[in-house]
Amino acid sequence: MYDVVIIGAGVSGSAIARELSRYKVNVLVLEKNEDVCSGTSKANSGIVHAGHDATPGSLMAKLNVEGSQMMEELSKELDFAYERNGSMILCFDKKDFNKLQDLYDNGIKNGVKNMEIIYKDEIKKLEPNLTDNVYAALYSKDGGIVDPFGLNIAMAENAATNGVKFEFNAPVVKIEKGNGYWAIDTDKEIIKTKCIVNAAGVFADTIHNMVSKDKMEIIPRKGEYYLLDKSIGKFTNATIFQLPTAYGKGILITPTAHGNMLIGPTANDIPDKEGTNTTREGLDEVALKSMVSSEIVPLRKVITSFAGLRAHLKSHDFVIEEVEGCDGFFDAAGIESPGLTSSPAIGKMVGEMIQKKLHLEENPEFDGKRKDILNPKNLTEEEYEELIKEKPAYGHVICRCERVTEGEILDAIHRPLGAKSLDGIKRRTRAGSGRCQAGFCSPRVMEILSRELNIDQSEITKSGGDSKIIFGTDKDAYRRAN
Amino acid sequence: MRECDLVIIGGGPAGLAAAISAFDSGIKDILILERDKELGGILNQCIHNGFGLHTFKEELTGPEYASRFIDKVLERKIEYKLGTMVIDISKDKEVVAINPEEGLFHIKAKAVILAMGCRERSRGALNIPGYRPAGIFSAGTAQRLVNMEGYLPGREVVILGSGDIGLIMARRMTYEGAKVKVVAELMPYSGGLKRNIVQCLDDYDIPLKLSHTVIDIQGKERVTGVTIAEVDNTGKPIKGTEETYSCDTLLLSVGLIPENELSEMAGVELGITSGPIVNESLETNVPGIFACGNVLHVHDLVDYVSEEAGFAGKSAAHFIEDQKKFEDKGIEIQINTGDKVRYTVPKTVHPDIMEDEITVRLRTTNVFKNVYLNCYAGDKRIVHRKRPVIAPGEMENFQLKKEDIKDLKAEEIITVAFEEE
């Protein structure tokens, strides 16, 4: 029997897993996909929000500010990309200025530091590519950007290193209450545990409703994005938001932790919890609204578009609690923006709740440090030469756009919770995320995966499940017909 | 640091022909750097025939065509390094490369020839909405999987784009037992060679839908369907013309882009072809850096790549032997694109130092019938040739003679146009 089963290996589940690994406790993470960071956590803005948006007094406000303050330290401990690039909320009309002031006041109430209101001249000096139509901005120097995959993967890996077990391709289909334990049915097996943490993202309502009479409804709120080519450089330095107006919430322009520019997201409620398709209308909206902030957004440099789903609750606040009448069943639900920012604080909060519940003792062997995949681009030429001498695979470039070597791909496959698919490799190393979008490297990465995992190439997938890349060998169709 | 007369980046058709020609022009200290595990470049995956009709007067497959050049490189004992990626070139022609055996190394070259070829435009750049499942391939990636790895990327296929690779892959996938349901082309004309439309689509009853594009991709894990629609003359989909094809694969053959990340690192200026702007010697704005083949502009036939690269090799050899001549080139004349001409290569000429005759290559902007290719030196027409049909998919060329332009003054220009008479 497990002490705790966490459902979902997204950024919340992984943060909770890592926090729990500080204690002497038997933890299992169940993930329905083939890898960590496969749902909402993989498709978002990658923003570390300073914390002036959330309603003062809400759990969201508290965890946002806490998470934002924890992020820098965590990025050093776990070695993922984070940058405090600052954020601006642009106000284009003097008539809306009071709303900007309200946000500032919210920020103060929420405990956000380093905010100031600046005006056109100063804005243009900091961000010359922005429109002349800007009037004022709320500038938060503590706003930041983070590699969302890096954060999620790092926390999960570190949890695994400290003893947390992970099981993939394990969707939860049923939960039953036993005598002093919960029984989770994954279709493959029944798993018994004292506590459950529901960190199932857009499916958190499905999981919650398996045990609680008090029904929950999560509405997938789709956000569509454009990602632009790195060749543009930093079109803006800070993350540029638009002040919400009667016409809607606005579109952000931001550099990513990887050095691309990202614009989006839209916000449309949809019925399908896997509806991550982009739409013509959505993408056109992104393009059009981004031009309110800057008329010269280089939209011709789009390299890909994507959509993510926010796990939206009508109450628009995080629900992190032991569910009434369900002893030992904890929700971490409604984790929508600023969920990524809040994740370290969510982990801490749930970790403490469960520590109290199970009276857990500290794990003296806990090691909170983790090293990311070695990136030779961060080495000096001398160090790089040494590295290739020692490990020649670092001299073999596999992805030309992002210059990713075989050495990095091998590391991604063989480390704890290693990559098993093309997307798994991509999120860990960036192979395939450049301007040719994997046209060049995918056959090469398939070859390496096949060799290293000792599986046939026909078994290799883009992202698990039925996402197979090839259908057998040439002339297979004739063989099947005969 | 190692020094070398000539470093050639890329061991495909352009790099090979450039190396052979530079060698035969007297430069022996040559190094070819190739990132793949064999020489020949993209030709190695082009196993269909039709290569070499102009050069060898026979129909060869891609690997056969490449091997004729590889043999010549081997005969001449020209040095090459495989599995070697160039990661930087500086303005003063210092090349940085890496490979597993030698690690990271610098080479100082007297001249560099850029012969990196091109890459395929991706789905993202086209901005097609829909899901992002497995089963979406650029045609070249699919070609590599089928022809080099022996794997079938799909069984029921829709192809977007009627460029040559798309057409060739329609036939190829059919041969391998897949069903190609339709080829959709955004433009009202095909971007590929006429012969490929006949031999790859018509012969297998594969429909080609001109003025159509993909507007949605279905399938959460693997492609399950693709919706195409007719477009109006601004390229916008027309409501009510949508048709959904059930399929497991979408191949994209939607354009090739010269691969110039390295060129830009060296400070090479790029032009309308997305390739370097070059003069009559195929030299870029950086003295001693030359460009040829698909890195310069995307070609229709490899024969022309070889021819152009041969000329670049010869020019680089002249540069190495007589840098002085290249320092003082005399007056520079612009070649302007007139009516119906999208680009020309070269873009400038220096009559004082040019060969007696050079080849000017160009592409048109649209399909036109019964026009004349005219070239003017100042006001004087120096080339006048009837062209029954021209199309953007087929390159045009003419010979520019030194004697026709040697008297031009600095402020005068050369203009190339397709005209009614």
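Modeller: A term to begin with: a salt bridge here is a side-chain nitrogen of Lys or Arg within 4 Å of a carboxyl oxygen of Asp or Glu. Bear in mind that this is a predicted model.

Colleague: Fine. How far apart are the closest N and O atoms of A:Glu274 and A:Lys32?

Modeller: They are 3.8 Å apart, and the pair forms a salt bridge. A:Glu274 is in the loop between strand 17 (268-269) and helix 7 of chain A, and A:Lys32 is in the loop between strand 2 (27-30) and strand 3 (47-48), so the pair links distant parts of the chain, 242 residues apart.

Colleague: What does A:Glu402 pair with?

Modeller: A:Glu402 makes a salt bridge with A:Arg430, with 3.1 Å between the closest N and O atoms. A:Glu402 lies in the loop between strand 21 (397-399) and strand 22 (404-405) of chain A, and A:Arg430 in the loop between helix 11 (422-429) and helix 12, so the bridge ties together parts 28 residues apart in sequence. A:Glu402 counts as buried because its relative accessibility is 8%, and A:Arg430 counts as buried at 14%.

Colleague: How many salt bridges are there over all chains?

Modeller: The count is 63. Across the interface of chain A and chain B there are 6.

Colleague: Which residue of chain B does A:Arg435 bridge to?

Modeller: A:Arg435 bridges to B:Glu261, and the closest N and O atoms are 2.8 Å apart. A:Arg435 sits in the loop between helix 11 and helix 12 of chain A, while B:Glu261 is in helix 8 (residues 261-265) of chain B. A:Arg435 is buried at 17% relative accessibility, whereas B:Glu261 is partly exposed at 25%. Both belong to one network of salt bridges that share partners, which also includes A:Asp229, A:Arg400, B:Arg35, B:Arg119 and B:Glu259.

Colleague: And the interface as a whole, how many residues does each chain put in?

Modeller: Chain A contributes 54 residues and chain B contributes 48 residues. Between them the chains bury about 4400 Å², 52% of it on carbon and sulfur atoms. In chain A, the residues that lose the most area to chain B are A:Arg400, A:Phe471 and A:Asp474, together 15% of what that side buries.

Colleague: How many residue pairs are in polar contact there?

Modeller: Between chain A and chain B the count is 19 residue pairs, both residues at pLDDT 80 or more. On the side of chain A that touches chain B, at least two residues each come from helix 7 (280-293), strand 18 (302-313), helix 9 (381-390), helix 12 (442-453) and helix 13 (476-481) of chain A. By class, that side of chain A has 19 nonpolar, 18 polar and 17 charged residues.

Colleague: Switching topic. Why is helix 6 of chain B described as largely enclosed?

Modeller: Because 9 of the 12 residues of helix 6 of chain B are buried. Among them are B:Asp164, B:Leu167, B:Ile168, B:Arg171 and B:Arg172. The cover over the buried residues includes helix 5 (139-149), strand 11 (156-160), strand 12 (179-185), helix 7 (194-201) and strand 17 (249-252) of chain B. Helix 6 (residues 164-175) reaches 17 Å from its first C-alpha to its last, close to the expected 16 Å. B:Gly177, with a positive phi near 100°, follows helix 6 of chain B.

Colleague: Where is B:Asn196?

Modeller: B:Asn196 is in helix 7 of chain B, and is buried, with a relative accessible area of 6%. Leaving aside neighbours within four places in sequence, B:Asn196 contacts B:Asp164, B:Leu167, B:Ile168 and B:Leu201.

Colleague: Last topic, the backbone. Which residues does a cis peptide bond join in chain A?

Modeller: A:Ser337 and A:Pro338, with omega about 5°. A:Pro338 is in the loop between strand 20 (329-333) and helix 8 (339-358) of chain A. In chain B, the peptide bond from B:Val345 to B:Pro346 is cis, with omega near 0°.

Colleague: What is the phi of B:Ser274?

Modeller: Phi of B:Ser274 is positive, about 70°, although B:Ser274 is not a glycine. B:Ser274 is in the loop between helix 8 and strand 19 (289-291) of chain B and is partly exposed at 32% relative accessible area. B:Asn127 likewise has a positive phi, near 70°, and lies in the loop between helix 4 (123-126) and strand 10 (136-138) of chain B.

Key: Residues are numbered from 1 along each chain as its sequence is written. Chains are lettered from A and ligands numbered from 1 in the order in which they are written. Side-chain values use heavy atoms; hydrogens and water are left out. Contact means heavy atoms within 4.5 Å. Buried area is the accessible area (1.4 Å probe) that two parts lose on being put together, summed over both. A polar contact is a pair of N or O atoms within 3.5 Å; within protein, one must be able to donate a hydrogen and the other to accept it, and residues adjacent in sequence count only if both atoms are side-chain atoms. Helices (H or I, at least four residues) and strands (E, at least two) are DSSP runs, numbered from the N terminus. Ala, Val, Leu, Ile, Met, Phe, Trp, Tyr, Cys and Pro count as nonpolar, Asp, Glu, Lys and Arg as charged, and the others, Gly among them, as polar. The expected span of a helix is 1.5 Å times one less than its number of residues. Buried means under 20% relative accessible area, exposed over 50%, partly exposed in between (1.4 Å probe, protein chains only).
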